[in-house]
Structure formats: C-alpha cells, structure tokens
Amino acid sequence: MIAKKTLLTCIEPFYRKVHNRTFLIAAASCVAGSLLASSGAWADELAGAVAVAAPEQITALDPVYRQPEQTQPAATQLDSAAPEPVKPGPSLGIDLEQVQDLASIVDDARKQAQAEYLAEKLRQSPQTVQRYVELAWKEASRRVGLDPELLIAIIQKESVFRPKVQSSYGAQGLMQVVRRWHREKLHASESLFDPVVNIRVGTDILEEYLESADGDLSRALAKYSGNARGYAKTVIDESRKLAQVADTAAAEVAISPGLFDPASAQHAG
C-alpha cells in the first residue's frame, strides 16, 4: 500500500500548478489504484511508479499543466512536411469516468471535514454548518480564482454562521451586507437573511473590492470590514486552516484501501 506521505510527496509539485486540486488528487488516486491492481508489484516499486507516471497522467487529464513546447530552427520548419501524428504515451488504464467519480468523492470529503472542524470549534450542529459550507463552495465554483475557504472564513468572522443576525449598523446575514450600500446587487424582493442571496451578494462585494484593490486580498478584506484592525489577517489565516483541513481529508480518502473495489481495480489494470 502506498503510504500517505509518499502519495502527497508524489503529487505535491503538480498540486500547486493545477487549478482544480480535487481533480488532481482523484487522478493520482486512480494512478495508484491502477498500480495496485498489477500483479507482482512490490510496495517499494509502487511509490516510484506513481512519481514517474503522475506527470504524464496529469498532463493528459488537465490542460492547465503543460510541458514547454519544443521549437525548431526556421529552416527546419520550412522544409518539414506535415507533422506526424503524435503517438499516445504509455497508459496505466486510467478511466476518466472513474476519475470524475473520485473527484466528487474527494470534494464531499473536503466539505464534510471543514463542516466538522467548524462545528467542533464553534460548538454548533455539523448539519447546520455544512449547509453553509456547501453554499460557499457552490458560490465559489461560479467565480474565477476565488476559493470557498475564503468565503467560509468571512462568514465565520462576520456572523459565526447565524443567517438572521443584524448589527446596529444595519449589516445583515451571514456575510453582514449593508443593503443601502449595495441595492444594485439585489432584487427588490430578495432578503439578505436568505443565505443563498447573502452569500451571492457578499461575494459580489468582495470581488468588487478585489478589483478596486488590483487583486490585493488584504486591502480588499480591509475595505470589506470597514478597516477593522486585524480583520484581514484573521480571515486569511482561517482560510488557510480550512484549506489544510480539507486537503488532509482529501489525502486520507485518496489512500483509502476501500476506494477501489475489485471490479474497478481489474478494469483499471
């Protein structure tokens, strides 16, 4: 069996380059499952095989990670005929449908781990917290370059996951949005006490502040909080902790012995 530390070591260089971390972990898991299904393989050879196979598999699965293009001298380009078809490299029998299923499993594990961590920390019901974690993930999936952990950390700081809370200043809901300042982001019939509406509008505001701050997250968060002292650092630190919790859960799922059933392993091998 591939140890947790070995698997993480193998995929870590690519993890930082691929936008969809969940998809990468699932792909690496599928590679590991394919290798485990091969008869006569020794434990110490598996780790090395994963390390060698990972770049090829990730390159094939995710267009974000690409090798630098090879260039030819101008004369060679002019004289050369039509390029020969690229021959596919060696395959380990990766099933893309299986990888997509694994990505969903890993996503669920990440969300559940975050909800359990927050519920224990805040002494709240895991089911209640998980609902808002799910909404933050869903909203972040509609945006470019915005992590769900950041939204969750803001919700935790602003309202401690209380959707009906209202401040004396008029800030309402999970992300404490002041309606009179952002009327253009709401329909007349919408309520900021609705978690779906509140997270959508709060995220719109955050993106607006990020744009005005030229992408500087600390400045954007400072503006979001009304320049509250230490706010940006608290939110950023908590978002990193949430990401760590989620990544640990994803790694545990990726090396779970029950992740591949015999039929899937036989097919992959």
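Reply: In α8, the residues Gly202, Ile205, Leu206, Tyr209, Leu210 and Ser212 meet Leu217, Arg219, Ala220, Leu221, Lys223 and Tyr224 of α9, where contact means heavy atoms within 4.5 Å and helices are DSSP runs (H or I, at least four residues) numbered from the N terminus, as are strands (E, at least two). The residues of this contact between α8 and α9 divide into eight nonpolar, two polar and two charged, counting Ala, Val, Leu, Ile, Met, Phe, Trp, Tyr, Cys and Pro as nonpolar, Asp, Glu, Lys and Arg as charged, and the others, Gly among them, as polar. The model is predicted, so local features need pLDDT of at least 70 and side-chain atom pairs pLDDT 80 or more, while totals for chains, interfaces and linings use all residues. Residues are numbered from 1 along each chain as its sequence is written, and side-chain values use heavy atoms, leaving out hydrogens and water.

The axes of α8 and α9 come within 8 Å and cross at roughly 130°; axes are lines fitted to C-alpha atoms, for helices over the stretch in contact, and angles run from 0 to 180 degrees between N-to-C directions. α8 and α9 are therefore oblique to each other, since angles under 35 degrees count as roughly parallel, over 145 as roughly antiparallel, 65 to 115 as roughly perpendicular and the rest as oblique.

Helix α7 (residues 148-159) also packs with α9: their axes come within 13 Å and cross at roughly 30°, which makes α7 roughly parallel to α9. Leu150, Ile154 and Glu158 of α7 make this contact with Leu217, Leu221 and Tyr224 of α9, and the residues of the contact comprise five nonpolar, no polar and one charged.

With α8, α7 packs at an angle of about 110°, the axes lying 11 Å apart, and that makes α7 roughly perpendicular to α8. Here Leu150, Leu151, Ile154 and Ile155 of α7 meet Ile199, Thr203 and Leu206 of α8, a contact of six nonpolar residues, one polar and no charged.

The second largest pocket holds about 310 Å³ of space. Its lining has 17 residues, and the closest to the centre of this pocket are Gln176, Val178, Tyr224, Ser225 and Gly226. β2 (177-178), α8 (195-212) and α9 (217-224) each supply at least two residues of this lining, which has eleven nonpolar, four polar and two charged residues. A pocket is an open set of points, on a 1 Å grid over the protein atoms alone, where a 1.4 Å probe fits, with protein on both sides within 12 Å along at least five of seven lines, and lining residues have an atom within 4 Å of a point; the points are joined across faces, edges and corners, and the volume is the space filled by probe spheres set on them.
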